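Here's a quick briefing on a pocket and the ligand that goes with it. Have a look at the model first, then read on.

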Amino acid sequence: MPSIFTQIINKEIPCYKIAENDRFIAFLDINPNAKGHTLCVPKQEINKIFDMPEKLYLDLMQFSKDIAIALEKTVPCKRIGMSVIGLEVAHVHVHLIPLQDMSQMTFQHKVSQSDPEFVALAQQIKNNLP
Ligand code: AMP
């Protein structure tokens with residue numbers, strides 16, 4: 001069965017999209033650690049990040065950097081935290097999390113946002129992309 005992220009990529013389920021090209025997509029995490037928590041995902045469904053082909057891995061890092069810079073311009077924070085886990089969704093994704101404190105990297109505390117808030121935030125981040 002395709003991963004939930006492949007279903008998003010195939011437009012079978014919706015997301016709050018920030019950016020997309022032929023190989024990657026970025027969208028807001030639906031259960032964010034902090035406002036602006038974003039996932040950067042390769043379209044190729046690969047389980048583990050260090051199994052990625054070298055070029056795809058490096059290009060994912062570049063794609064994530066571009067998104068992180070736009071995110072930092074959009075959401076007030078001390079810096080953007082980056083994390084790769086994959087215990088819930090076995091399809092490579094980079095978490096980008098605007099941080100005020102370390103607790104936001106623990107995935108223990110979540111913030112709730114309404115649908116209109118997600119829509120507006122995705123648009124604001126998009127507006128800050130190069
Ligand atoms: P992990 O696999 O542990 O790195 O976590 C997977 C992340 O994907 C979690 O932060 C979830 O909140 C997020 N997630 C799961 N389903 C969706 C979805 N449909 N849209 C956006 N984010 C999702």
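The largest pocket has a lining of 23 residues, and Phe5, Asp29, Ile30, Leu39 and Glu88 are the ones nearest its centre. A pocket here is an open set of points on a 1 Å grid over the protein atoms alone, where a 1.4 Å probe fits and protein lies on both sides within 12 Å along at least five of seven lines; lining residues have an atom within 4 Å of a point. Keep in mind that this is a predicted model, where local features need pLDDT of at least 70, side-chain atom pairs count only at pLDDT 80 or more, and totals for chains, interfaces and linings use all residues. Numbering runs from 1 along each chain as its sequence is written, and side-chain values use heavy atoms, with hydrogens and water left out.

**The pocket**
- Its volume is about 510 Å³, taken as the space filled by probe spheres set on the grid points, which are joined across faces, edges and corners.
- The lining splits into 15 nonpolar, 5 polar and 3 charged residues; Ala, Val, Leu, Ile, Met, Phe, Trp, Tyr, Cys and Pro count as nonpolar, Asp, Glu, Lys and Arg as charged, and the others, Gly among them, as polar.
- H1 is the top contributor to the lining, with 3 residues.

**The ligand's neighbours**
- The ligand takes up the space of the largest pocket, meaning more than half of its atoms lie within 2 Å of the pocket's grid points.
- Around the ligand are 16 residues, with Asp29, Gly86, Val89, His93 and His95 coming nearest; near means a heavy atom within 4 Å.
- That shell holds 10 nonpolar, 4 polar and 2 charged residues.

**Polar contacts (N or O pairs within 3.5 Å)**
- A polar side-chain atom of His93 is 2.6 Å from a ligand oxygen.
- For His95, a side-chain N or O atom lies 2.7 Å from an oxygen of the ligand.
- Glu88 uses a backbone N or O atom, 2.9 Å from a ligand oxygen.

Definitions and conventions
Polar contact = N/O pair within 3.5 Å; in protein donor to acceptor, adjacent residues only side chain to side chain. Helix = DSSP H or I, 4+ residues; strand = E, 2+ residues; numbered from the N terminus.
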